[in-house]
Protein chains: 2
Amino acid sequence: MPHLLDGDQPGLDSLELQVVAVFVDGVRVLGLPRSIGEIYGVLFISQNPLSLDDLVRLLHISKGSASQGLRMLKSLGAVREAEGDAERRTYYEPAIELKRLVGGFIREQVRPHLDSGKSKISRLAENAQEIRDSERRDFLGERIGRLETWMSSGGKVLPLLQKILGQ
Amino acid sequence: MPHLLDGDQPGLDSLELQVVAVFVDGVRVLGLPRSIGEIYGVLFISQNPLSLDDLVRLLHISKGSASQGLRMLKSLGAVREAEGDAERRTYYEPAIELKRLVGGFIREQVRPHLDSGKSKISRLAENAQEIRDSERRDFLGERIGRLETWMSSGGKVLPLLQKILGQ
DNA sequence: CGCTTTGTTCAAAAAAGTTTGAACAACCGC
DNA sequence: GCGGTTGTTCAAACTTTTTTGAACAAAGCG
């Protein structure tokens with residue numbers, strides 16, 4: 001459904017659309033919603049900061065989506081409010097250091113799961129002690145131990161990742 | 001809805017359910033469907049290999065789900081057919097070496113996206129050369145260059161990851 | 001062969017996740 | 001305070017993904 005009275009805004013040119021598509025793909029891999037990729041994408045190829053309204057216009061998404069998308073991107077540290085011209089509305093610009101992006105993703109999306117996983121597994125390990133049948137208990141102890149090793153490897157690899165990707 | 005004539009199969013005890021829940025959470029983080037986590041989870045705490053039918057019974061999932069789930073797990077190298085008693089039906093056991101699991105995930109889920117991303121970006125870089133406005137061209141060149149650096153970092157970090165997680 | 005068991009496929013149903021838009025809050029300048 | 005602008009919230013609509021189950025293929029066995 002083409003917008004009736006669009007005034008034919010500049011919109012995005014085909015190269016810009018390609019860039020946005022790359023980010024849309026990218027965030028899908030990370031399990032984030034499409035609009036996150038779109039928003040970050042436009043900010044990434046924009047030469048100057050954009051407002052929420054700009055995003056709504058350029059991407060044909062609702063104000064609600066833009067608002068929620070920006071919130072998530074801010075929480076990931078992938079987008080920040082532009083300093084400078086103290087206008088009424090706020091303008092956003094992308095964080096473009098890989099280190100920052102990876103760090104934010106790990107902090108917000110990976111660590112919490114890893115931590116809750118670890119604590120679930122500790123509880124598990126305790127419960128497994130209680131089992132009467134000794135063969136079963138030993139087997140489960142071994143498997144749960146392996147699970148603990150995995151988690152610990154995961155925990156160790158994250159800071160390393162951040163270090164490596166920080167150049 | 002309790003099954004009417006269930007014959008009251010052994011089912012999973014509460015500890016086993018906890019383990020399955022850990023894997024369900026785990027695969028969600030990786031963006032894989034719930035049933036994948038369930039299936040791998042039961043195999044992981046089972047002392048002996050299980051058949052497709054066993055999975056259907058233990059998890060109350062359909063034959064279709066079990067079949068598709070096993071296919072994906074096989075393709076990820078996370079599950080293999082058990083050798084030995086050459087019965088009619090085939091039995092499955094989990095791969096429990098972290099290296100293998102991570103390797104399979106990278107090969108099947110990460111690499112393909114990374115590669116297609118890289119090629120999209122090369123095309124992008126070419127198109128950006130064509131732009132007339134030199135300021136715009138330079139800006140885009142710079143940003144796309146950064147994108148290429150990111151991709152290359154990604155490509156380099158994967159083998160490293162595998163090496164580190166392989167103990 | 002014909003019967004049975006095992007496993008796969010795929011269209012349709014269900015579930016999960018995302019986006020929309022209208023109502024509302026917050027703020028600013030007058 | 002009032003009118004206008006900017007941004008947030010959240011239930012409902014929509015989209016996408018996952019699961020189901022019935023039909024079907026394959027293969028063993030008598």
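**Note on the predicted two-chain model**

1. Leaving out residues up to four places away in sequence, Tyr92(B) touches Leu43(B), Pro49(B), Leu50(B), Leu70(B), Val79(B), Arg80(B), Glu81(B) and Ala82(B), where contact requires that the C-beta atoms of two residues, placed from the backbone, lie within 7 Å. Tyr92(B) belongs to strand 3 (residues 91–94) of chain B, and Tyr92(B) counts as buried because 23 other C-beta atoms lie within 10 Å. The classes used here are buried for 20 or more other C-beta atoms within 10 Å of a residue's own, exposed for 12 or fewer, and partly exposed in between, with C-beta atoms placed from the backbone. Tyr92(B) and Ile121(B), although 29 residues apart in sequence, are 41 Å apart in space, C-alpha to C-alpha.

2. On the basis of the model: this is a prediction, in which local features need pLDDT of at least 70 and side-chain atom pairs count only at pLDDT 80 or more, while totals for chains, interfaces and linings use all residues. Residues are numbered from 1 along each chain as its sequence is written, and chains are lettered from A, with ligands numbered from 1, in the order in which they are written.

3. Chain A contains six helices and three strands, arranged along the sequence as α-α-β-α-α-β-β-α-α; these elements are DSSP runs numbered from the N terminus, helices being H or I of at least four residues and strands E of at least two. The radius of gyration of chain A is 22 Å, whereas a compact globule of 167 residues would have one near 15 Å, the value being taken over C-alpha atoms and the globule rule being 2.2 Å times the number of residues to the power 0.38. The C-alpha trace of chain A spans about 75 × 40 × 30 Å along its principal axes, and buried residues account for 25% of the 167 residues.

4. Chain A is divided into domain 1 (14–94) and domain 2 (98–165), with bounds that come from an automatic or database domain assignment. The centres of the two domains of chain A, taken over C-alpha atoms, are 33 Å apart, and five residues of domain 1 are in contact with six residues of domain 2.

5. Helix 5 (residues 98–129) of chain A, with 32 residues, reaches 44 Å from its first C-alpha to its last, close to the 46 Å expected, the expected span being 1.5 Å times one less than the number of residues.

6. Between the chains, 31 residues of chain A are in contact with 31 residues of chain B. Helix 6 of chain A gives the most to the side of chain A that touches chain B, with 11 residues.

7. In chain B, Gly104(B) is located in helix 5 (residues 98–129) and counts as partly exposed, with 18 C-beta neighbours inside 10 Å. Neighbours within four places in sequence aside, Gly104(B) is in contact with Leu76(B), Gly77(B) and Ala78(B). Gly104(B) and Ala78(B) are 26 residues apart in sequence and 7.3 Å apart in space, C-alpha to C-alpha.
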